[in-house]
Amino acid sequence: MDGSFEPVRPYAGADPAFCRHVDTFLDSALTEPLRAAGRATTGLKSSPKACAAWSAILREQGWAAPSWPVEHGGAGWTTAQRLYFENACAERDAPLIQSSGVRTIGPLIIAEGSAAQKARYLPAILDGRHEWCQGFSEPQAGSDLSALNLRAERDGDDFVLTGSKLWTSFAQYATHMFLLARCDPSSHGGDGLVFLLVEMNRPGIHVRPIRFIDGECETNEVFFDGVRTPAADRIGDIGQGWKMAKRLMAIARSNNTTTGMLRRALRAARREGALAGEIDPEMHRKLAGLSLRIDAYEALEHHAVSEQINIDAASATSLLKLMATELHQSITEAGLECAPASAFAQAKYLATRAATIYSGTSEVHRNILARAIGCP
Ligand SMILES: Cc1cc2nc3c(=O)[nH]c(=O)nc-3n(C[C@H](O)[C@H](O)[C@H](O)COP(=O)(O)OP(=O)(O)OC[C@H]3O[C@@H](n4cnc5c(N)ncnc54)[C@H](O)[C@@H]3O)c2cc1C
């Protein structure tokens, strides 16, 4: 027994003609170099070159933004179709793009932005001119995000930003940041915040990359020293920043599918194990167990996105985030056990350590779930 199983495909809502169309396109568009770049990915994104090449192909096909409505340049797919597509990409090792513009801020602009913001930002996200990063966390504000302190002082038509953000992923490559800032200095918690769209090339912004244990600089410190930015470039009213951030987090979590990523990681563990020598029967059993856990996760994801779980949507996304990240870590741990000397397995193991911290730590998500099921 080699411990492998046929992948399950429970996304019954995606009709067979659609699935065939996706499969045919992916089989011809995903060249071997693109698949190799996807297989070589250890972190959240594939190499910039592979991302740019694959994004251009998807754009040409009209599939760069699967969840966006057609009127805004998206594919206009249903949730089931989008999930099918993402899993089909993962099965073929497509490069991982993970565009924050497509997955998070774009959908928020579509839902809450002005007509001018839609016209300015959405086409630039689609054609790759704008890359976004998320400026929420600060040195004193992580799990307790509402303690954030970046000051936004009103001066005429502008806000003047003073303070800093921390752990901002990919800020060194971003052209824009969406951020939360405190516009009422006497306010506390989620009150008195504003949600701003800020160009990264404004005078007074300084980005300092943070080097992690694996040698990568995925996150950054970002300093704001009297940065002027137009007050009109905000989502929602002044004082409604917290509400907009909650909306964005709900979009971000529900707009993410992780089953494909988990299967990729398990394939990588098997591949590295086979390269390192023979995988022993005990390890085969462990990998088979992980494969079954992915099948169970996929069924859960399907139930959650089709709202068949009897908890509110925010708690359901906490459940998915918690289970996916912990399962991902178990898979990369097994990968390292299979091939301890493999640089790839080591990098993959290290890259997944942070997954139970960003987008809310496991402890914070367990708190949310405990409340959802009525614990005191
Ligand atoms: C790789 C990486 C990428 C990131 N990218 C971004 C980004 O792009 N943009 C952004 O804004 N932020 C980003 N973050 C920041 C991330 O959201 C925070 O690190 C996270 O919310 C935790 O906050 P903290 O680091 O301040 O830890 P703390 O909040 O200080 O937590 C420390 C520990 O205490 C525990 N804890 C805290 N409160 C509770 C509680 N109420 N009950 C039980 N346990 C608790 C936590 O679980 C954790 O174990 C990123 C972080 C990492 C590691």
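Asp-93 is buried, since 21 other C-beta atoms lie within 10 Å of its own; a residue is termed buried if 20 or more other C-beta atoms lie within 10 Å of its own, exposed if 12 or fewer, and partly exposed in between, with C-beta atoms placed from the backbone. The residue lies in the loop between helix H4 (79-91) and helix H5 (100-112), where helices (H or I, at least four residues) and strands (E, at least two) are DSSP runs numbered from the N terminus. Although Asp-93 is not a glycine, its phi is positive, near 60°. A positive phi of about 60° is also found at Phe-170, again a residue other than glycine, which is placed in the loop between E3 and strand E4 (176-182). Phe-170 likewise counts as buried, with 20 C-beta neighbours inside 10 Å.

The structure is a predicted model, in which local features need pLDDT of at least 70 and side-chain atom pairs count only at pLDDT 80 or more, whereas totals for chains, interfaces and linings use all residues. Residues are numbered from 1 along each chain as its sequence is written.

The domain assignment divides the protein chain into domain 1 (16-98), domain 2 (132-247) and domain 3 (258-372), these bounds coming from an automatic or database domain assignment. Between the C-alpha centres of domain 2 and domain 3 the distance is 31 Å. The ligand lies between these two domains, because both domain 2 (132-247) and domain 3 (258-372) give residues to the shell around it. Of the 20 residues around the ligand, those that come nearest are Phe-136, Gly-142, Ser-143, Thr-361 and Glu-363, a residue being near if its C-beta atom, placed from the backbone, lies within 6 Å of the molecule. Two or more residues of the shell are given by strand E1 (132-135) and by helix H12 (362-372). By class, the shell comprises 7 nonpolar, 11 polar and 2 charged residues, with Ala, Val, Leu, Ile, Met, Phe, Trp, Tyr, Cys and Pro counted as nonpolar, Asp, Glu, Lys and Arg as charged, and the others, Gly among them, as polar.

When neighbours within four places in sequence are left aside, Met-177 is in contact with Trp-132, Cys-133, Gly-135, Ala-171, Val-198 and Met-200, contact requiring C-beta atoms, placed from the backbone, within 7 Å.

Strand E3 (residues 158-165) is paired with two strands, where pairing requires that DSSP find at least two bridges. With strand E7 (residues 219-230), E3 pairs in the antiparallel sense over 8 bridges, and along this pairing Leu-161 stands opposite Val-227, while Thr-162 stands opposite Asp-225. With strand E2 (residues 151-155), E3 forms 5 bridges, also antiparallel, and Thr-162 is the bridge partner of Arg-151. E2 and E3 form a hairpin with 2 residues between them, and Gly-156 in the turn has a positive phi of about 60°. Strand E6 (residues 205-210) runs antiparallel to E7 and is joined to it by 6 bridges, with Phe-224 in E7 as the bridge partner of Ile-205.

Key:
Two residues are in contact if their C-beta atoms, placed from the backbone, lie within 7 Å.
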